[in-house]
Amino acid sequence: MAERKLRYGVYLGAVQRHKRRISFAALLEAERLRPKGPPLRAIDLHRLLTPYVSVRFSEQLRAVLPLALMLIGFQALALRSSLLDAESVALGIVAVMVGLMFFMEGVKIGLMPFAENVGFQMPGKTHPTVLLAFSLLLGAAATFAEPAIGALQAAASAISPERSPWLRQLLGPYAHWLVLAVAGGVGLAVSLGMLRTMFGWQLKTMVLLIMPPTLGLTAWCAQQPELAPIIGLAWDCGAVTTGPVTVPLVLAVGVGVAASTGRSDNPLSGFGIVTLASIFPILAVLGTAIYLTGLGAEAMLPVLPPAVDGWYNRTPFAEILGALRAIVPLVLLLVLVQTRLLGQKIRQHNIFIYGVATALTGMLLFNLGLTAGLVALGEQAGNNVPWAFSPHRDTGAPALYPFALGIAMTLTFAFAIGFGATVAEPALNAMGMTVENLTDGAFRKRMLIHAVAIGVGVGAALGVARILFHLPVWMLLLGGYTIALALTAVSREEIVNLAWDSAGVTTGPVTVPLLLALGIGLGEVVGAAEGFGILAMCSVGPIISVLATGLWIDMKTRGHKRRSNKA
């Protein structure tokens, strides 16, 4: 067909010949009068919601279910004991999984965009001191919202006031002091992390400057009889703080600040804040304990007996109030900073309200299932595991296995829990993909996951061995972190960032209650003064393993380059 040339005006006239203008009001009226379509059927809802929910629920299922089955299977097969209150524990575990699914989705949709936008806007619109003050408040508010914080208070009932009086005071009458100390430590760490992002300070230098005084203060506290039982709690608090709220929100603010200050080209700019957020709470808790013990015995408050009724027998008002206290201050802080300080309106109100409501619902369900599910399961394991090598606590039945075999089985069980929990951690899988891309495949995702998992498993076994053999936790910490600091001094900055942050990623809201309850249960059975310290050893283990793996990769890469040059 032959082409025909037309003037543009003729073309427009032909195209618009059959068109007519309609006002927007008439369009809306026609839409209103339009007959409504048929309602959604059950199959339609299933097709819409199932892909959305299944992906998010499967993450929590992979993290929680293998650990629960491992605990139940070990007790059933190796210890020949059945699970007590199986229905209550099962409902609690389901509530934990569903709660974490809702909570993580709410944080991702409702809070993280706020945090990143605030971090991007504040450096250009406010004074740096305002940014530091906001970072302090954000770190503190995020700590209150951490699901694992409740696990510390749930473990208080197993601490003997006679054997560890001040530890019981910190977990009982002075529990609010403990939470405030941890929140203040995280807030200071976030502020320092913002300064590091703005000025480009190296994490390697900061770690080498901060950790030796922290270890020195720990060694000094170990020589004080009233402070020695608190060391394990203080170091465990450093692991509890780096959970699913603090890490994404703080990193989101850090990404925004890095983009605003022109440092977003550094792919590792977000690393390091998690490390600081796990060190400063240790100093804060030890400082609080030193202050309280300095007041003398007259500062001790009466320890009230714990409530005996189950979570399913009482109305969920306490859990609702706990969820509100955790989420509402954090949301108000972000909203006030964006609307009042930065003068920006909240866009997409529906999505924001949906995210906040989802986070509140998730926190409520998690609180309901924590005590009846994860904590109860860990306590039962802690009470039953010593039967492998010692007489049963309640019945007096002889040990199931010879002492050496029973101890070996217990330590293997602790290693399996630490290894399995780490492999299933979604945050570690995400970090592994990032690291593999940043290192051009030199540090593979599988290699990082296995290095971290082995470190956590060995740390869990050492923590359990400390409780069983009454080893001083401060000596294990001093030895472990001395090795970590020596490896840090000879490692590259990128590997240092990765190794020290990987320790914080592993202690999530699932592993913390389980390992805490396991340690407390073991300590109570074997007569230890306290059962803390497992989480602390789970933090130092992956630092050493990842640093060692990084040095091995560097040596392998240098050897390959030398062989290539000779060829």
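This is a short tour of the structure, stop by stop, for you to follow in your viewer.

The model is predicted, so local features need pLDDT of at least 70 and side-chain atom pairs count only at pLDDT 80 or more, while totals for chains, interfaces and linings use all residues. Residues are numbered from 1 along each chain as its sequence is written, and side-chain values use heavy atoms, with hydrogens and water left out.

**Stop 1: helix α15.** Select residues 403–423, which form helix α15. Helices here are DSSP runs (H or I, at least four residues), numbered from the N terminus. Buried means under 20% relative accessible area, exposed over 50%, and partly exposed in between (1.4 Å probe, protein chains only).

**Stop 2: aromatic pairs.** Rings of Phe, Tyr and Trp (its six-membered ring) pair if their centres lie within 6.5 Å; planes under 30 degrees apart count as stacked, over 60 as edge-to-face and the rest as tilted. The count comes to 8 aromatic pairs. Show Phe74 and Phe413: their ring centres are 4.2 Å apart and their planes lie at 15°, so this pair is stacked. Phe74 sits in helix α3 (residues 42–77) and Phe413 in α15, 339 residues apart in the chain. Phe74 is buried at 14% relative accessibility, and Phe413 is buried at 4%.

Phe389 belongs to the loop between α14 (349–384) and α15, whereas Phe403 is in α15. Is each one buried or exposed? Phe389 is buried at 11%, but Phe403 is exposed at 52%.

**Stop 3: Glu493.** Move on to helix α19 (residues 493–506), where you will find Glu493. Glu493 is buried, with a relative accessible area of 16%. Its side chain reaches the backbone nitrogen of Leu203 at 2.8 Å and that of Lys204 at 3.2 Å.

**Stop 4: His470.** Finish in the loop between α17 (445–469) and α18 (473–489), where His470 is located. Most residues other than glycine have a negative phi. His470, not a glycine, has a positive phi of about 55°. His470 is partly exposed, with a relative accessible area of 47%.

How values were computed. Helices (H or I, at least four residues) and strands (E, at least two) are DSSP runs, numbered from the N terminus. A polar contact is a pair of N or O atoms within 3.5 Å; within protein, one must be able to donate a hydrogen and the other to accept it, and residues adjacent in sequence count only if both atoms are side-chain atoms. The expected span of a helix is 1.5 Å times one less than its number of residues.
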